[in-house]
Each structure stands twice: as structure tokens, then as C-alpha cells.
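Thanks for making the time this morning; I would like to walk through one structure with you and keep to what was computed from it. Please have the sequence and the model open while I talk.

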Amino acid sequence: MNPKVDHDLCIGCGVCADICPDVFEIRDDGLAHVKDGADCEAADCCQQAADECPTEAISL
Ligand code: SF4
């Protein structure tokens, strides 16, 4: 899995970072970013984060 956040869609709600803090973080621009070295397989929460994102900004 190669998670990506579409910043044209992200509204910075923080849901992904709450669900999957090992992979997603809200940065100074107010938008979600994939952490450096993030490992969806190890974290096992990327799919849930993508499913819960209200704007479907996360692709895997
Ligand atoms: Fe952005 Fe979606 Fe994460 Fe909310 S859940 S911060 S809209 S990527």
C-alpha cells in the first residue's frame, strides 16, 4: 500500500490522524500528510482511515 492524501480534497478534519496516527499527521498547512516511512501493513489502519475520511481524500 502506498497511501496518499489529495490536498485538493482534504479539509484537515483530523479523522485520519485520530484513526491511524502512525501513518497520518496534520501538519502546519492544516492538511493531512503521510508520515515519512509510514507502513500501512504494520499500522493496519490505513483502510479504515480511508473509509472514514469524509471527503475521500485518501487513496491507498
Ligand atoms: Fe483530510 Fe480526510 Fe484526513 Fe480529514 S480524514 S484530515 S479530510 S485526509
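This is a predicted model: local features need pLDDT of at least 70, side-chain atom pairs count only at pLDDT 80 or more; totals for chains, interfaces and linings use all residues.

Where does the ligand sit? It sits in the largest cavity, and that cavity has a volume of about 90 Å³. With a threshold of 30 Å³ or more, the count comes to one cavity. The lining of the largest cavity comprises 15 residues, and those nearest its centre are Cys10, Cys13, Cys16, Ala32 and Cys53. By class, that lining has twelve nonpolar residues, three polar residues and no charged ones.

Searching the whole structure gives two disulfides, and one of them joins Cys20 to Cys45, with an S to S distance of 1.9 Å. As for its handedness, the torsion about the S-S bond of Cys20 and Cys45 is about 65°, and the disulfide is therefore right-handed.

The last topic is charge pairing. In general, side chains of opposite charge can pair when their charged atoms come close. How many salt bridges does the count come to here? The count comes to one salt bridge, in which the side chains of Arg27 and Glu25 meet at 2.6 Å, taken from N to O. Are these two partners buried, exposed or something in between? Arg27 has a relative accessible area of 32% and is partly exposed, while Glu25, at 25% relative accessibility, likewise counts as partly exposed.

Definitions and conventions
Residues are numbered from 1 along each chain as its sequence is written. Side-chain values use heavy atoms; hydrogens and water are left out. On a 1 Å grid over the protein atoms alone, a cavity is a set of points where a 1.4 Å probe fits but cannot get out, and a pocket is an open set with protein on both sides within 12 Å along at least five of seven lines; lining residues have an atom within 4 Å of a point. A molecule sits in a cavity or pocket if more than half of its atoms lie within 2 Å of its grid points. A salt bridge is a side-chain nitrogen of Lys or Arg within 4 Å of a carboxyl oxygen of Asp or Glu. Buried means under 20% relative accessible area, exposed over 50%, partly exposed in between (1.4 Å probe, protein chains only). Grid points are joined across faces, edges and corners, and a volume is the space filled by probe spheres set on the points. Ala, Val, Leu, Ile, Met, Phe, Trp, Tyr, Cys and Pro count as nonpolar, Asp, Glu, Lys and Arg as charged, and the others, Gly among them, as polar. A disulfide is a pair of cysteine sulfur atoms within 2.5 Å.
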